[in-house]
Amino acid sequence: MARDLPPLGSLRAFEAAARHMSFKDAASELHVTPAAISQQIKTLEDFCGVKLFRRLTRALVLTEAGQIALPQITLGLDQLAAGYRLIKGHGGIGPLVVSLPPSFATKWLVPRLGRFQERHPEIVVRIDATSRLVQFDAEGVDIAIRFGKGHYPGLTSHHLFPSRVIPVCSPTLPGPNRPLEKPSDLSAFTLLHLRDSDAPGTEPVWDMWLRAAGVTGVDTRLGPQFGEYGLAIDAAVSGQGVALVDASLAEVELKSGRLIQPFADVAGIEDEFCYYLVYPNGRGDDPRIRAFKVWIESEILPAPDSDAI
């Protein structure tokens, strides 16, 4: 049966723009320019003979026709993506695409990933290191690790571990003339800051840690800012200052002695945000996802007589 359908690209552009209510965000998701999104939507409007958006000065609004069409087009694209997965995976044998923040990938997952491959050599893992909240079906992602509070509509989430924030620095940074023995000594050192533009408000801040440690008189306004934990950790290793980082992401550097934890008697702060393993609802029976979940949970609780890395 012949189907009277517009170009698939125009449907994808419309659905993404309508979901985000933004040509710019739709372009970012589909890896094209906003002008290309606009052109695709014009193609769809010309094909249908009806306007789908009203473009206001500072806003984008769906017309009545756009509002009626959006749920069905979203459903249709989801079903197309599901069909594609069946073809690509052929029963779940295709690559397992894992999306996760770059610092978590380099500092936690990749050093351990060899053990997953030893256990499951039949599963090819593809790492997609990004701080964006990816669209699973649209971007071909199977499973993701996210940092937040665990509430993700449409996704099944499994708690991995909390974020415990500690100060770290190079062992060569403090010295006889500049000790780093108590938190108030930080006033003599450069503080390294984390500023995550993709998830503002989730990063640890020095004011929070100092307040919990009962310390005043340390100026937290100065010091370089880094967009990822990995960059802040590398800056600390090179002796540029004292960084406030997630202990789990600095584990390799702490064990190797490239970083130390000053004032280890001061407890780290347990953040309200945690790491979660997430995937779309209904995908838990995928043997690749199930194997990855079992493996990563085993990595969180290693055997008592084994090294974590």
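The legends below describe close-up views of a predicted model.

**View 1. The buried face of helix H2.** Helix H2 spans residues 23-30, and its buried residues are Phe-23, Ala-26, Ala-27, Glu-29 and Leu-30. These residues line one face of the helix, because they fall within an arc of 160° when seen down the axis of H2. Among the elements that cover them are three helices, H1 (8-20), H3 (34-48) and H6 (136-139). Strands E1 (53-55) and E2 (60-62) also belong to this cover.

**View 2. The two ends of helix H2.** At the start of H2, a side-chain oxygen of Ser-22 lies within 3.3 Å of the backbone nitrogen of Lys-24. After the helix comes His-31, which has a positive phi, near 60°.

**View 3. The largest nonpolar core.** This core comprises 39 residues, and Phe-104, Phe-292 and Ile-296 have the most contacts inside it. Helix H5 (residues 102-119) contributes the most, with six residues. At least three residues of the core come from each of domain 2 (96-161 + 273-299) and domain 3 (162-270). In soluble globular proteins, nonpolar side chains tend to be buried together.

**View 4. The surroundings of Ile-296.** With neighbours within four places in sequence set aside, Ile-296 contacts Trp-108, Leu-109, Ile-145, Leu-160 and Leu-277. Ile-296 is also one of the residues with the most contacts inside the largest nonpolar core.

Note on methods
Residues are numbered from 1 along each chain as its sequence is written. This is a predicted model: local features need pLDDT of at least 70, side-chain atom pairs count only at pLDDT 80 or more; totals for chains, interfaces and linings use all residues. Side-chain values use heavy atoms; hydrogens and water are left out. Buried means under 20% relative accessible area, exposed over 50%, partly exposed in between (1.4 Å probe, protein chains only). Helices (H or I, at least four residues) and strands (E, at least two) are DSSP runs, numbered from the N terminus. The arc is that of the directions from the helix axis to the C-beta atoms. Contact means heavy atoms within 4.5 Å. A polar contact is a pair of N or O atoms within 3.5 Å; within protein, one must be able to donate a hydrogen and the other to accept it, and residues adjacent in sequence count only if both atoms are side-chain atoms. A nonpolar core is a set of buried Ala, Val, Leu, Ile, Met, Phe, Trp, Tyr and Cys residues joined through side-chain atoms within 4.5 Å. Domain bounds come from an automatic or database domain assignment.
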